[in-house]
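Take your time with each one before reading its solution.

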Amino acid sequence: MGDSRGHWEGNTLVVDVTNHNDKTWFDIVGDFHSDALKISERYTLVNADAIDYEATLEDPNVYTRPFRIALNFRRTVRGEEAKSY
């Protein structure tokens, strides 16, 4: 629920999201944000089966400092759910 603008930095897609409305929550328990929220997302292609994702969230109306989350997305092949990378 914001405006996204993206650009490439090497093999990383960087997406900056601004102009959020304050009508959404981060999760089902009601963690909220204001319309001052700014998010910078980074999608890095690791290989054909993996993408690293990280996001930095800033909202000076709600939080005292920016915070960062990071996730690893891996392709799952049917029958190989327990495969480690």
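The exercises below concern a predicted model, and each is followed by a worked solution.

**Exercise 1. Describe the make-up of the chain and how spread out it is.**

Start with the elements: the chain has five strands and zero helices. Along the sequence they give the pattern β-β-β-β-β. Next, turn to the radius of gyration: at 16 Å it is well over the 12 Å from the globule rule for 85 residues, so the chain is more spread out than a compact globule. Finally, look at the box that the C-alpha atoms fill, roughly 45 × 35 × 20 Å along the principal axes.

**Exercise 2. Work out the strand order of the sheet, and find which strands stand at the edges.**

First, trace the order, which is S1-S2-S3-S4-S5 in an open sheet with antiparallel pairing. Then check the edges: S1 (3–9) and S5 (67–74) each have a single partner strand, so one side of each is left without a neighbour in the sheet. From one strand to the next, the twist averages 15°.

**Exercise 3. Which residue in S5 stands opposite Ala50, and how many bridges join S4 to S5?**

Begin with S4, residues 50–58, which runs antiparallel to S5. Eight bridges join the two strands. Now locate Ala50: the residue opposite is Arg74 in S5.

**Exercise 4. Find what share of the chain is buried, and what share of its accessible surface belongs to carbon and sulfur atoms.**

Taking buried to mean under 20% relative accessible area, buried residues make up 18% of the 85. The accessible surface comes to about 6600 Å², and 52% of that belongs to carbon and sulfur atoms.

Note on methods
Residues are numbered from 1 along each chain as its sequence is written. This is a predicted model: local features need pLDDT of at least 70, side-chain atom pairs count only at pLDDT 80 or more; totals for chains, interfaces and linings use all residues. Side-chain values use heavy atoms; hydrogens and water are left out. Two strands pair if DSSP finds at least two bridges between them. Helices (H or I, at least four residues) and strands (E, at least two) are DSSP runs, numbered from the N terminus. Axes are lines fitted to C-alpha atoms, for helices over the stretch in contact, and angles run from 0 to 180 degrees between N-to-C directions. The radius of gyration is taken over C-alpha atoms; the globule rule is 2.2 Å times the number of residues to the power 0.38. Buried means under 20% relative accessible area, exposed over 50%, partly exposed in between (1.4 Å probe, protein chains only). Accessible areas come from the Shrake-Rupley method with a 1.4 Å probe; for residues, only the protein chains shown count as cover.
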